[in-house]
Amino acid sequence: MANIKRWGQALGFQQVGICDIDLSLAEQQLSQWLANAYQGDMYFMEKHGLKRSRPDWLVPNTLRVITVRMDYLPETQGQMLAQLHQLDKAYIARYALGRDYHKVLRQRLKVLADRIRAVVQGEEYRVFVDSAPVLEKPLAEKAGLGWIGKHTNLIHRQAGSYFFLGEIYVDIPLPVDAPTAGHCGRCQTCLTVCPTRAIVAPYQLDARRCIAYLTIEYRGSIPVELRALMGNRVYGCDDCQLFCPWNRFAQLTQEQDFLPRQGLEQALLVDLFQWTEAEFLRKTEGSPIRRIGYECWLRNLAVALGNVPMTSEIVRVLQARLQVDSPLVREHVVWALAQHDKKLSESGFLGLT
């Protein structure tokens with residue numbers, strides 16, 4: 001086991017842990033979460049039945065799970081806050097500013113798994129990075145990589161929560177690590193700072209209200225009552241982590257792949273909204289942002305442009321999108337223009353229409 005951890009750290013993982021496959025408590029919690037319909041349109045959360053909570057059902061003969069974490073924070077908390085408060089700029093969840101983490105972690109996990117297999121004859125494995133029905137946070141918690149906080153993210157006492165997780169399912173009876181006790185205490189910060197109140201109770205996230213879900217997973221019309229609460233967040237949301245006291249210990253990443261690309265950490269909303277589809281595809285190549293597609297990208301930006309202080313340029317770029325083919329985009333553009341029209345009317349000036 002010591003060799004596995006040493007090899008993992010040499011590959012750039014900040015921590016490696018090992019656990020058994022008993023996820024019975026997490027299975028009960030998942031069942032209740034699904035019964036509450038908190039998954040929204042993420043039908044894949046229930047598609048595979050119990051394979052998500054029973055690793056040996058997903059990969060027969062699995063006995064242990066090797067879990068790793070890799071830090072991704074590209075800038076300081078102060079820089080993140082400054083960006084969030086500059087309403088003319090787009091706020092993109094910091095995990096998505098660099099290269100797609102799926103590729104980075106998967107490649108290194110395969111190297112680690114191959115090294116294990118070279119030593120343990122007959123070892124079979126499968127590597128996962130948010131790519132299959134895997135309960136990665138409960139597994140990481142069991143493996144001692146941290147505890148699941150009230151915001152439902154994993155927290156490490158010396159490293160905060162800005163890290164990716166990956167897993168290797170193996171069929172060898174490795175010694176296991178001890179789980180980590182929780183240390184959220186009485187803190188309610190994540191519940192109170194969530195812009196849309198998506199954390200409906202400690203350890204309970206209603207994805208249907210979560211900005212990360214709305215801007216990334218959801219493909220429909222964003223509920224009108226939530227749009228004004230989204231501010232300038234156009235891809236994901238970091239608020240529950242940004243204000244978590246434990247993230248004062250978060251370490252900046254040493255991985256060049258996770259550093260910002262295309263100037264997205266400082267990009268203006270109006271500039272992003274004027275990208276053509278070809279520009280979107282080119283500038284998000286190798287980025288997790290590309291998976292939402294151009295239509296949802298424009299939808300998210302339209303909402304953000306409706307939330308910022310009005311300028312003639314903002315009105316101009318919004319009006320220019322009224323002719324797009326997408327009814328989804330047009331709907332959100334009309335809403336954004338109406339927001340500015342309302343602001344003008346309330347200030348005593350003539351409206352836009």
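Trainee: Over which ring does the charged end of R94 sit?

Mentor: This is a predicted model, where local features need pLDDT of at least 70, side-chain atom pairs count only at pLDDT 80 or more, and totals for chains, interfaces and linings use all residues. Residues are numbered from 1 along each chain as its sequence is written, and side-chain values use heavy atoms, without hydrogens and water. A charge sits over a ring if NZ of Lys or CZ of Arg is within 6 Å of the ring centre and within 35 degrees of the ring normal. At 4.5 Å from the ring centre, the charged end of R94 sits over Y91.

Trainee: Why is the pair of Y95 and Y101 classed as it is?

Mentor: Rings of Phe, Tyr and Trp (its six-membered ring) pair if their centres lie within 6.5 Å; planes under 30 degrees apart are stacked, over 60 edge-to-face, the rest tilted. The centres of Y95 and Y101 are 5.9 Å apart with planes at 80°, so the class is edge-to-face.

Trainee: How is the pair of Y95 and Y235 classed?

Mentor: The centres of Y95 and Y235 lie 6.3 Å apart. With 50° between the planes, the pair is tilted.

Trainee: Is Y235 buried or exposed?

Mentor: Buried means under 20% relative accessible area, exposed over 50%, and partly exposed in between (1.4 Å probe, protein chains only). Y235 has 0% relative accessibility, so Y235 is buried.
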